[in-house]
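Please go through this structure with me by question and answer.

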Amino acid sequence: MRTENTATLNLIWGALILEELARLGVQHVCMAPGSRSTPLTLATAQQTKLQRHLHFDERGLGFMALGLAKASRAPVAIITTSGTAVANLYPAIVEAWLTHVPLIVLSGDRPPELLGCGANQAIVQPGIFANYATQVNLPTPDAHIAPQALLTTVDEAVANQTRPVHINCMYREPLYPSELSGVILDAESPYLKPLQTWLQLARPYTQYGKSKQLSSPSDDAIMRFVHGKGVIVVGTLTPEQDPQQLIALSQKIGWPLLTDAQSQLRQHPAAIGNIDQLLQHPRARNLLQEADRVLVFGGRLLSKRVIGYLAEQNWHSYWQVLPEQDRLDPSHNAKHIWHANAEQFAALNWYRSSSANWANTLITYNDELHNLFVRNIDQGEFGEAQVIRAIANTRPLEQQLFIGNSLPVRLYDMYAPVSCCTATTYTNRGASGIDGLLATACGIAAHKGKATSLIIGDLSQLHDLNSLAIAKGLSSPLVIVILNNDGGNIFNLLPVPNEQVRSDYYRLSHGLEFGYAAAMFNLPYNQVDNLADFQDSYNEALDFQGASIIEVNVSQNQASDQIAALNLWVKQS
């Protein structure tokens, strides 16, 4: 076999990897500029099956890929150069691993002889993500390594993946071929001759069957399980699990459906949406303590009160339904875990409970809280909860909702309104970090161009300011609602020993506004301090074909004072 020159062989290996990833279902590739990743970059530039996204900041790029993978429900590839460029992906990879989002990192790297010797931009990249990514460490391209071996390596690592994979690609110089004319994967090339059949087809070289672990209870087990007073708790579910089927399941069994902010059902009129608040409502809590059976869909619950309720009850039977094997219960309850998605489990042969409708009074208590929130939030002072409720009530079927960490997602969980329908809802609640929230929302918005709203705190937005460059490139509506309370308002809710310590070491007051940042990135911007102006600006932004910013200015204590007042009213109900 004729030996190809180094630059050409590097490029062929890059093209083989990208072509096989496209055949394995990858739709998007996110790229950051760099020299050592040139073979991958040039191969991507000639790819016609992949949508390309570029960004100068690898941290934001990783989170954009996370959003694209969540929205497309398919793996997303990320290309970076060597050195700290790879390390900047770490936060997004951690989030993706914890929440089972398939990302594929293709990192350019120095060859072995340039590691540990002071060569420029050279770090030890194999294993850089520790246990948060499956490792594939490729050798430098070599004409003595058959192309089939490269393809089967990629296939085995990527097929059926639900979590990140890191493919480290070592390249020797020269990296740049003298010209790019002609087809990279040329069937006439002696090196590629064994792949002639593969090149003529559109399927992966190795075709793996779908490895899906499914388990379900027998009819007899179901009959025994529903014989008593039970509750259904819905935690984090993705839209493709079709959580709407759980409404019918709840009605068939006759048990109440208690919903988390991330369940896709938080605002459904047939669910008990205010469960976080009901657990501090004396009569509601006493009623819920009668339950001795629980059916939990998903995990990663937001409300500490719900987590505490599940931990404190003496359950006769505890079932949890997860799409794949995982340990998602910080209280470590004894339980039976079934492997299925929500729709599959709801479609089983369920029976009416012998204690059907035992908790119907919860509906009355839930309605009482709804009325309390209308009076004291919607018709009360302008603030963060009021804005979140207004967003949740605006055109839910027309848009996607991404809710930022820290206070925004908790306000939505506690106070989201009952509605005819709920917008498809996304969060980053694996590691629950405040980094990369805007970039993730940009990725979600970019996949199909559906209108998207991001609710984000001021510190979170400062943390991800570079991603306004990604937002600038969107051609579909992305409304960035920044709740600016001048620091970390959530620390007002935590038992910090005294106010001086809270102010000096936790809140991080900054005195900044976002108008100049919007101007720098040429994004439409409005600053509001009342509900009428917010609603006008918000509806206008939803109709704008591109990203825009609405900054909501509130005092440092507005949300925490309102939460304290509402908690008092609920406890006295």
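What follows is a set of questions on helices, loops, cysteines and a pocket.

This is a predicted model, in which local features need pLDDT of at least 70 and side-chain atom pairs count only at pLDDT 80 or more, while totals for chains, interfaces and linings use all residues. Residues are numbered from 1 along each chain as its sequence is written, and side-chain values use heavy atoms, with hydrogens and water left out.

Q: How many disulfides does the structure hold?
A: A disulfide is a pair of cysteine sulfur atoms within 2.5 Å. Cys117 is in no disulfide, as the nearest cysteine sulfur, that of Cys169, is 20 Å away. The number of disulfides in the structure is zero.

Q: Is Cys421 buried or exposed?
A: Buried means under 20% relative accessible area, exposed means over 50%, and partly exposed is in between (1.4 Å probe, protein chains only). Cys117 has a relative accessible area of 47% and is partly exposed. For Cys421 the relative accessible area is 16%, so Cys421 is buried.

Q: Which residues of helix α2 are buried?
A: Helices (H or I, at least four residues) and strands (E, at least two) are DSSP runs, numbered from the N terminus. Helix α2 covers residues 38–45, and six of its eight residues are buried, so α2 is largely enclosed by the rest of the structure. Contact means heavy atoms within 4.5 Å, and the cover over the buried residues of α2 includes α1 (6–23), β1 (28–31) and β2 (51–54). The buried residues are Thr38, Pro39, Leu40, Leu42, Ala43 and Thr44.

Q: What covers the buried residues of α5?
A: Helix α5 spans residues 90–98, and its buried residues are Ala92, Ile93, Val94, Glu95, Ala96 and Trp97. Their cover includes α3 (58–72), β4 (103–109) and β5 (134–138).

Q: Where is Gln264, a residue with a positive phi?
A: Gln264 is not a glycine, and its phi is near 70°. Its relative accessibility is 9%, so Gln264 counts as buried. Its place is the loop between β8 (257–259) and α10 (275–278).

Q: Which backbone nitrogen does the side chain of Asp329 reach?
A: Asp329 lies in the loop between β10 (317–322) and β11 (336–339), and it counts as buried at 10% relative accessibility. Not counting residues up to four places away in sequence, Asp329 touches Tyr318 and Lys335. At 2.8 Å, its side chain reaches the backbone nitrogen of Asn333.

Q: With which side chain does the side chain of Ser509 make a polar contact?
A: A polar contact is a pair of N or O atoms within 3.5 Å; within protein, one must be able to donate a hydrogen and the other to accept it, and residues adjacent in sequence count only if both atoms are side-chain atoms. Ser509 is in the loop between α20 (499–505) and α21 (515–520), and its side chain reaches the backbone oxygen of Asp486 at 3.3 Å. The polar contact, at 2.8 Å, is with the side chain of Gln556.

Q: Which helix gives the most to the lining of the second largest pocket?
A: On a 1 Å grid over the protein atoms alone, a cavity is a set of points where a 1.4 Å probe fits but cannot get out, and a pocket is an open set with protein on both sides within 12 Å along at least five of seven lines; lining residues have an atom within 4 Å of a point. The second largest pocket is lined by 16 residues, divided into seven nonpolar, four polar and five charged (Ala, Val, Leu, Ile, Met, Phe, Trp, Tyr, Cys and Pro count as nonpolar, Asp, Glu, Lys and Arg as charged, and the others, Gly among them, as polar). At least two of the lining residues come from each of α12 (304–312), α16 (407–415) and α23 (558–571). With four residues, the helix that gives the most is α23.
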